Structure formats: structure tokens, C-alpha cells
Amino acid sequence: CLRRTAPMLLTLMILGLAALFGDQTGCFGNINKVDTTGASCKTARQEGLDYCGGPASEKIAERDLNNMNKYKAIIKSAGKKKCVDPAVIAGIISRESHAGTLLKAGWGDNGNAFGLMQKQHFKIRFFRYIVGRWNGEDHLLDATQILIDMIKGIQKKFPRWTKEQQLKGGISAYNGGLGNVRSYENMDRGTPGDDYANDVVARAKFYKRKGY
């Protein structure tokens, strides 16, 4: 009996630890199941790379990893509170601000974009206040809510898409808006580099492997 019970207890302990400390997949699909072509050659060239696709996205994400790890705790906390995969948040942060390294006093895009996830500038245009410090959890929570709103918008617009397709569409809409997403295959057309969601998804998969 002991021989049978010991492996069972060990399995239960592992499952319990995984639930407590393990990966957070969130409520909007599994990022590892989202298809992606990775970074376009245009985006890759802007990053000084002579190759494109998933490998380029992963290299860019790897360059950001040390700085990203400074914010890992608040990224995971925001992800848990909003039920969004922290790896997705990290992928957006990498794409938007290279984990903050592109920012000056929290601002980027010539003073038109704010914070790690660089979404507050849209709210400023609509006369809404900036939420939180540029590198704080309040900012991540607010920007992540915008992502959630985009995903839910895509769910309504394309109810027959799978959960993972809707997640990818929401990521694209986070940059280009719901109106820019007209089909699954061409959702990134019109975003910078014509690859926003594909690049973010590939970067997110990298961060998923790194414990996000």
C-alpha cells in the first residue's frame, strides 16, 4: 500500500505546487496553441537582424529578458488579477517598449506613448488620465484591461473563431484597433511592420518558456 500511496502523494504535491507557483494560462486561450509567423523581415531589419520569422522574434525577446525580469513579479501579479497570461503581457511589453529601455522618463514615441505597454497615449487623446507609474502594476493592470476589451471585441466580431484565434486577434487589435482586424489571415496588415500580433505571440511563447 505504501508503494502505491507514495507516488500518488508525490503527484498531488506536484500538482499543488504547480497550482500555486506554476504557469498562468489566463482566461483567453493558450498562447502556446496560437499559430504565428513571427516577426516580419521589416521588423527584423529594424532590430538589426538579417533573418525573420519566429527566430527573429525570439532573439529580440531574449535581448529584452534581463530588463523584463525586473518587472516579472508585477507582470505575473497583473496577469493573475486580470486572468491574462503573463507571457502575453511580457510579449506586448517587449514589442511596445523593449521592457522600458526605449522610454525616457516613462514616455516613448516622441512623447505620445506612455509606460511599459505604451497604451496610455490613446487614453490621453480621449482626455482620460494616465493610470499609475510607467513601470508600476497599476499601469499594467490598466493597459491589460484594454487588451481584454480588444479580445472581447474580437470575440463579438468573430464568434466562430477559436479561443486562440480570438486571443491573437485581440493582440492585433491592441495595436491597430478592432476595425483593422478584418480577417484572420490578414489581421496584422496595417500594423507597424505588418506583423504586430504574430511578433508578439512569438515573443510571448519565448517568455512562457522563461517562466512567465
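Me: Is Cys41 buried, partly exposed or exposed?
Reply: This is a predicted model, in which local features need pLDDT of at least 70 and side-chain atom pairs count only at pLDDT 80 or more, while totals for chains, interfaces and linings use all residues. Residues are numbered from 1 along each chain as its sequence is written, and side-chain values use heavy atoms, with hydrogens and water left out. Buried means under 20% relative accessible area, exposed over 50%, and partly exposed in between (1.4 Å probe, protein chains only). Cys41 has a relative accessible area of 35%, so Cys41 is partly exposed.

Me: To which residue does a disulfide join Cys41?
Reply: A disulfide is a pair of cysteine sulfur atoms within 2.5 Å. For Cys41, the S to S distance in this link is 1.9 Å, and the partner is Cys52.

Me: Why is the disulfide of Cys41 and Cys52 given its handedness?
Reply: The handedness rests on the torsion about the S-S bond. Because that torsion is about 105° for Cys41 and Cys52, the disulfide is right-handed.

Me: How many residues apart are Cys27 and Cys83, which form a disulfide?
Reply: The sulfur atoms of Cys27 and Cys83 are 1.8 Å apart. The pair links distant parts of the chain. Helices (H or I, at least four residues) and strands (E, at least two) are DSSP runs, numbered from the N terminus. Cys27 is in the loop between helix H1 (2-21) and helix H2 (41-46), and Cys83 is in the loop between helix H4 (72-82) and H5, a separation of 56 residues.

Me: What pattern do the disulfides of the protein chain follow?
Reply: The count comes to 2 disulfides. With bonded cysteines counted along the chain, the pattern is 1-4, 2-3.

Me: Which residues does the UniProt annotation "active site" cover?
Reply: The annotation comes from an unreviewed UniProt entry. UniProt positions are given in the numbering used here, feature names are shortened, and annotations may be inferred rather than shown by experiment.

Me: Is Glu96 buried or exposed?
Reply: Glu96 lies in helix H5 (residues 86-97). Its relative accessibility is 14%, so Glu96 counts as buried.

Me: Where is Asp109 found?
Reply: Asp109 has a relative accessible area of 47% and is partly exposed. Asp109 is found in the loop between strand E1 (107-108) and strand E2 (113-114).
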